[in-house]
Amino acid sequence: KQWYQRRVAITAGGITMLAMFTAPSFIFFLACLVQTGVGEDLADITCLDPNIDSTLIQIARLQKSIVTDLDSKIDSNDNQIEEIKTLVAELTLDLGTLNNKSRDEIAALNEKLDDATNKIRSQEDQLEAQLDAIDTLKTESAVTNTHLTAAESEISRLQIELDQTAKLSGDGRISSSILPGSYADYTLEDVQWQSLHMAAAAACRGSTPSGGSGSHANAVIPFKSGSNCNDMCRNSGLYTNCDAAVTLNGWNKQAASDGTIVGYFYNYGCANNQVHNYDERNYQSDFILAPSTYITYCCCRK
């Protein structure tokens, strides 16, 4: 339709130009043009009068050339328009494909972003829980440090008190000088010796014929090796009479059962100088604590 409109406009333009020369010639030329059509060669037109001015023929030829050139340009423009339409269609298709692909990629990225967000929230919750646990531990640690400080203070106080009261000697014992009461004056061995001496006095009390009677006290004198109790009593200068010689032995622990033997005794007699080496002066102080330790004593009186 556009092409037809253009062609009619061009033809109308040519007709206008012809009208400028002569009306009779123009009318006759128009009749021939309508009959034959613009597309034919004007040299072959037979309806023209040979006397018509050649100017009309030149104008017609120029008009035909213009129409032909315009038709060619119109066809070229139509082809370019079709190519542009094809390109636009292809671009539209590519753009749609790209949009779909972009939508899928964006959806996948959004899904990954949601997963990452959820993980971050989970980690934040875990971190918050850990921070709470750390705060709790800090509180407990502060309480523990308070108790520890108090304990250290008490230990320091006790250490000072211990340093002031009791120190172990080189043999691992506490010095008797810092023991309370009589422990500061006597050792355990001293007490053991006293117990043995009292046991010897009791033995002498039961061994003498008179039972230790008289107006004076009776004496217990340790036996001396290589001598006898008669000599020991006589040499004392005061308790010159010997009534008995007792040899004693006692265990230092409690009896474990009925019939358990807790000690031994002998009476060798005052004149017997064959008594074994049971002289307490020959023993170390701690030997009194050993089992089966025999010691001989002389029972002397005035």
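The model is predicted: local features need pLDDT of at least 70, side-chain atom pairs count only at pLDDT 80 or more, and totals for chains, interfaces and linings use all residues. Residues are numbered from 1 along each chain as its sequence is written, and side-chain values use heavy atoms, with hydrogens and water left out.

**Stop 1: the whole chain**

Show the protein chain as a surface. Now colour by burial. Buried means under 20% relative accessible area, exposed means over 50%, and partly exposed lies in between (1.4 Å probe, protein chains only). Of the 302 residues, 19% count as buried.

Next, contacts, meaning heavy atoms within 4.5 Å. Take the contacts in the protein chain with a separation of 6 or more: residues 24 or more positions apart account for 61% of them.

Switch to cartoon. Helices (H or I, at least four residues) and strands (E, at least two) are DSSP runs, numbered from the N terminus. The chain has five helices and four strands. From the N terminus on, they run α-α-α-α-β-α-β-β-β.

**Stop 2: the sheet**

Two strands pair if DSSP finds at least two bridges between them. Here they form an open sheet in the order β1-β4-β2-β3, with antiparallel pairing. β1 and β3 stand at the edges with a single partner strand each, so one side of each has no neighbour in the sheet. From one strand to the next, the twist averages 30 degrees.

Zoom in on β1 and β4. Four bridges join these antiparallel strands. Pick Val 220: its bridge partner in β4 is Cys 299.

**Stop 3: the disulfides**

Select the cysteine sulfurs. A disulfide is a pair of cysteine sulfur atoms within 2.5 Å. By this rule there are four disulfides.

The link ties distant parts of the chain: Cys 204 sits in helix α4 (residues 188-207) and Cys 299 in strand β4 (residues 295-301), 95 residues apart. The angle about the S-S bond of Cys 204 and Cys 299 is -75 degrees, a left-handed link. Both Cys 204 and Cys 299 are buried.

Move to Cys 298. Its disulfide partner is Cys 229, and the sulfur atoms are 2.1 Å apart. Cys 229 lies in helix α5 and Cys 298 in strand β4, 69 residues apart. The torsion about the S-S bond of Cys 229 and Cys 298 is about -80 degrees, so this disulfide is left-handed. Cys 229 is buried at 1% relative accessibility, and Cys 298 is buried at 0%.

Now select Cys 242 and Cys 270. Their disulfide has an S to S distance of 1.9 Å. Cys 242 is in strand β2 (residues 241-250), while Cys 270 is in the loop between β3 (263-267) and β4, 28 residues apart. With -80 degrees about the S-S bond, the link of Cys 242 and Cys 270 is left-handed. Cys 242 is buried at 16% relative accessible area, and Cys 270 at 11%.

**Stop 4: Ser 227**

Select Ser 227, in the loop between β1 (219-222) and α5 (229-234). Ser 227 is buried, with a relative accessible area of 13%. Leaving out residues up to four places away in sequence, Ser 227 touches Met 232, Asn 272 and Asn 273.

**Stop 5: the aromatic rings**

Show the rings. Those of Phe, Tyr and Trp (its six-membered ring) pair if their centres lie within 6.5 Å; planes under 30 degrees apart count as stacked, over 60 as edge-to-face and the rest as tilted. The whole structure holds four aromatic pairs. One of them, Tyr 266 with Tyr 268, is stacked: 5.6 Å centre to centre, 25 degrees between the planes. Tyr 266 is partly exposed at 39% relative accessible area, and Tyr 268 is partly exposed at 25%.

Last, select Trp 251, Tyr 264, Tyr 266, Tyr 268 and Tyr 294. Ring pairs link these residues into a cluster.

Methods: Axes are lines fitted to C-alpha atoms, for helices over the stretch in contact, and angles run from 0 to 180 degrees between N-to-C directions.
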